[in-house]
Amino acid sequence: MKVVLFCGGFGMRMREGAASAPKPMQLIGDRPLLWHVMRYYAHFGHKDFILCLGYGAAAVKDYFLRYDETISNDFTLTGGGRDIRMFSTDISDWNITFIDTGLRATIGERLMKVREHVRDEEIFLANYADTLTASDLDASIASFRSSGAVVSMLAVPPVSTHHVVEMGDNGLVTRVREVRDLMQYENGGFFVMTPEIFDYLHEGEDMVPHAFDRLIPRGKLQAQRYDGFWRAADTFKDRAELEEMFARGDCPWMLWDDNRNGGRKLIVPTQHTRASSLVAG
């Protein structure tokens with residue numbers, strides 16, 4: 001099953017300067033965010049990737065062209081460094097297609113530009129290149145197959161630490177609540193789709209909200225509610241928290257690494273199709 005990853009945005013909230021690496025190439029431990037996302041899909045057997053590139057395309061290409069398997073795998077070195085015997089590898093069986101989808105394209109426009117690469121797929125997967133989760137991808141795909149939807153997305157609780165203030169007409173506060181206590185769910189990415197999505201995408205528009213707004217009245221947009229680990233690395237603070245988790249070996253998204261995922265069990269998303277309860281972003 002092919003995996004389309006959107007990794008061409010500017011990532012302004014994480015950039016340190018005009019020459020800084022694109023957000024998907026920011027490191028978490030010894031590998032970039034993009035690698036962690038791809039490794040998640042590979043764990044479930046989906047190793048045919050289409051990278052929608054834009055800003056920082058050269059950095060992404062260069063990383064994989066110069067990929068060093070020894071960084072994240074055990075090996076034996078002999079012959080004074082001339083011979084390396086790998087005990088395991090990461091990407092030797094991956095197929096990665098690199099497509100320039102424009103510097104300022106929307107997510108919908110980027111998806112349109114790789115249409116030819118997924119048009120013959122019964123189902124394909126898609127995601128942002130900066131979101132991590134420990135959800136059960138197999139269960140998500142199975143739920144999607146039985147839903148009759150064109151698109152399914154993971155729906156996650158808000159992760160904001162801000163507080164919502166409720167007040168009367170006189171300005172007096174009646175209640176203060178954490179955002180995460182609201183009965184709403186955000187678009188968490190991790191999309192499952194059929195090529196029928198292209199019937200709902202128009203030039204110059206985005207997937208969210210434009211295509212989704214066309215799917216909803218037809219009952220073709222599924223959301224799978226998920227309350228387990230999910231994190232989007234949007235800001236320096238997000239990345240710092242992920243770095244701290246990696247440093248202490250507490251990485252629930254690294255399902256492929258029993259030394260770092262803490263032996264956590266997969267949490268299965270539950271089907272939830274009330275689009276009005278979602279905050280799409």
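Buried means under 20% relative accessible area, exposed over 50%, and partly exposed in between (1.4 Å probe, protein chains only). This is a predicted model, where local features need pLDDT of at least 70, side-chain atom pairs count only at pLDDT 80 or more, and totals for chains, interfaces and linings use all residues. Residues are numbered from 1 along each chain as its sequence is written, and side-chain values use heavy atoms, with hydrogens and water left out.

**View 1. F6 and Y128 form an aromatic pair.**
Rings of Phe, Tyr and Trp (its six-membered ring) pair if their centres lie within 6.5 Å; planes under 30 degrees apart count as stacked, over 60 as edge-to-face and the rest as tilted. The whole structure holds 15 aromatic pairs. The pair of F6 and Y128 is tilted, with 6.4 Å centre to centre and 50 degrees between the planes. It links distant parts of the chain: F6 sits in strand β1 (residues 2-7) and Y128 in strand β8 (residues 124-128), 122 residues apart. Helices (H or I, at least four residues) and strands (E, at least two) are DSSP runs, numbered from the N terminus. F6 and Y128 are both buried. Ring pairs join F6, Y128, F191 and F212 into a cluster.

**View 2. Helix α1 is mostly covered.**
Helix α1 spans residues 33-43, and ten of its eleven residues are buried. Among them are W35, H36, R39 and Y41. Just after α1, G45 takes a positive phi of about 90 degrees.

**View 3. Y41 belongs to the largest nonpolar core.**
A nonpolar core is a set of buried Ala, Val, Leu, Ile, Met, Phe, Trp, Tyr and Cys residues joined through side-chain atoms within 4.5 Å. This core has 51 residues; Y41, L51, F64 and W253 touch the most other members. Helix α1 gives the most to this core, with eight residues. A second, separate core of 27 residues includes L111, V114, I197 and M207.

**View 4. C7 is in no disulfide.**
A disulfide is a pair of cysteine sulfur atoms within 2.5 Å. The search of the whole structure finds zero. For C7, the nearest cysteine sulfur is that of C52, 6.7 Å away. C7 is buried, with a relative accessible area of 2%.
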